[in-house]
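Work through the exercises below with the structure open beside you. Each task is followed by a solution in steps.

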Amino acid sequence: MKKGMDAGRESWLQAALARQQADALSHCNEITAAYGLTLSQADCALLLAERQRVLKQERRVEWGRSILPEIVKKFCASPYVNQNNYVDTLLRLQEIFFCYKNEMLDEISDEELLQFMQEQFDSVCFGDLDYLEGTCLEIFAQAIRAGYRGQQRTAGRDEFARLDIVTRWDRQLYLQVLQELTGWR
Amino acid sequence: MSIVEFYQREELVGLVVELTERYSGFDSTSVTYERAQQLMEAVCYCLQMHQQLESDLPTGTNITVREAYQRGYEAVCNQARQVRLLYEQLLPRFQSYGMLCLQDTIVKGIPAFLVHYDARYCPQDRLLTMDYPVLTDLRSLRGVQAVWAYLRCIDLEQRFLSKLGYDFVCDSLWAYHSNYAVLIENICAIVLPGLLGYVLLEKPLHQRCFTKQDYRVLTNRYGAMEQSQLIEVVRSAVSRLTRWDGDVEQYLLQGAEDAAVRLSVAMETNTLQTVCLPCCEK
């Protein structure tokens, strides 16, 4: 009888927690609507189900509060996210986030990691999640594991420039050279 | 009844959630399985400490799980303070008698424990490897309780060995094994059988070695005894040796059976000189 009551109490708790997380995600629509992005109830359910899968895969636990609303708020203003790729992008970002929390041995806060991811996604990666995951974050993770803690001073801002191994074009210089070569104004 | 069965699961999870948020400085919504397990064990350890103290509370006292946890945590901190106090009392009179593992454990291990012990996030961890073995079985104890019990055992041993004198103990250890410094064995377990030889033969300690006649007398009197009988004789001899301190007596009685077995085997195989009863006759 007690086991049955316990199981009942547990499933009630889990259901209450799932509702709370779905509500938090739905409320993000109030912010993202300004960028033409909305999540349906089905989208929220899918994201939360994937969250469970990824957490299990990465052997992590989220007690109550979910990182998903923070991911939504961080990336909703990205020029590379639109309503067509919104859910898929969020799914990938969530997976990448938890993977790299492990890769960085929890030496980086959620905010620092999200800031870094958003900056690189919008700049160096030009919206390419594979590049974000396989290059920028990989390099950053190696630095963190080696003891780098510069992101604590900068909250994750402008960190990749310090660690990037590729000599990249400066945007202004690129446009200037393009003008000179083509006579384009 | 385990802690998880005793308290409601949601109450325990609530405490673990708070501890996790505190641990991560509210900077992370997630932790690894290993970290979650560690923090859950930390909560359970403090609650167990409180359960052990519960007998001091008046019956019918109802407290919340949060209060129980807090009291348990305070008990953990208090026990850590007791470890420090005992260590500070022990250190000035501490003698390793040349045994390296004991030296390292007390001079390096305990201070490292006192610096690194984490009463809040990992109270269940002993940190100390306790290489030097003591007579008491401490396997069931965890965290600061294990270290406290261990240090107490060392303290009781030191009290006993100091009565015998440094030279006597070192001579006994050397008679057991010329390179005893590298042994990982309990000093009392080595010294006790030889010491019992003096008691059983009613020989004064200052007569440092034994004759073949002594061996014959010992073997004749006790060699044919049933093991259980010999154990009782040895226990009685240990009690006589340690009647000046009940705690030391209780501690050494835990080594009485082993000492009796060693004496019995030595008498059977005619090798009493190997249980640190050196023979002065060629």
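**Exercise 1.** How many salt bridges are there between chain A and chain B? Find the residues that take part.

Step 1. The structure is a predicted model. The count between chain A and chain B is 1 salt bridge.

Step 2. The partners are B:E34 and A:R59, whose closest N and O atoms are 3.0 Å apart. This falls within the 4 Å cut-off for a salt bridge.

Step 3. Polar contacts are counted separately: 10 residue pairs between chain A and chain B are in polar contact, both residues being at pLDDT 80 or more.

**Exercise 2.** Describe the contact between the two chains, and state which parts of chain A supply it.

Step 1. Count the residues. On the side of chain A there are 20 residues in contact with 18 residues of chain B.

Step 2. Take the area. About 1700 Å² is buried between chain A and chain B, and carbon and sulfur atoms give 49% of it. In chain A, the residues that lose the most area to chain B are A:R59, A:W63 and A:R65, together 41% of what that side buries.

Step 3. Assign elements. With polar contacts counted at 10 residue pairs, at least two residues of the side of chain A that touches chain B come from each of α1 (2-27), α3 (41-57), β1 (60-62) and α5 (86-103). The most is given by α1(A), with 4 residues.

Step 4. Sort by type. The residues on this side of chain A are 6 nonpolar, 3 polar and 11 charged.

**Exercise 3.** Determine how strand β1 of chain A is joined to chain B.

Step 1. The partner is strand β1 of chain B, residues 30-32. The two strands run antiparallel and are joined by 3 bridges.

Step 2. Locate a facing pair: A:E62 stands opposite B:S30 in β1(B).

**Exercise 4.** Why does the salt bridge of A:R92 and A:D130 tie together parts that are apart in sequence?

Step 1. The side chains of A:R92 and A:D130 meet at 3.2 Å, N to O.

Step 2. A:R92 belongs to helix α5 of chain A and A:D130 to helix α7 (residues 129-145) of chain A, so the pair ties together parts 38 residues apart in sequence.

Step 3. Over all chains, the count is 22 salt bridges.

**Exercise 5.** Decide where the model calls for caution.

Step 1. Chain A averages a pLDDT of 86, with 85% of the residues scoring at least 70. For chain B the mean is 90, and 93% of the residues reach 70 or more.

Step 2. Within chain A, confidence is highest in α5(A), at 97, and lowest in helix α9 (residues 160-163), at a mean of 66. Where pLDDT is low, the predicted coordinates should not be read in detail.

Step 3. The scores for the model are ipTM 0.80 and pTM 0.83.

Terms used:
Residues numbered from 1 in each chain as written. Chains lettered and ligands numbered in written order. Heavy atoms only, no water. pLDDT = per-residue confidence, 0-100. Contact = heavy atoms within 4.5 Å. Buried area = accessible area lost by both parts, 1.4 Å probe. Polar contact = N/O pair within 3.5 Å; in protein donor to acceptor, adjacent residues only side chain to side chain. Nonpolar A, V, L, I, M, F, W, Y, C, P; charged D, E, K, R; others polar. Pairing = 2+ DSSP bridges.
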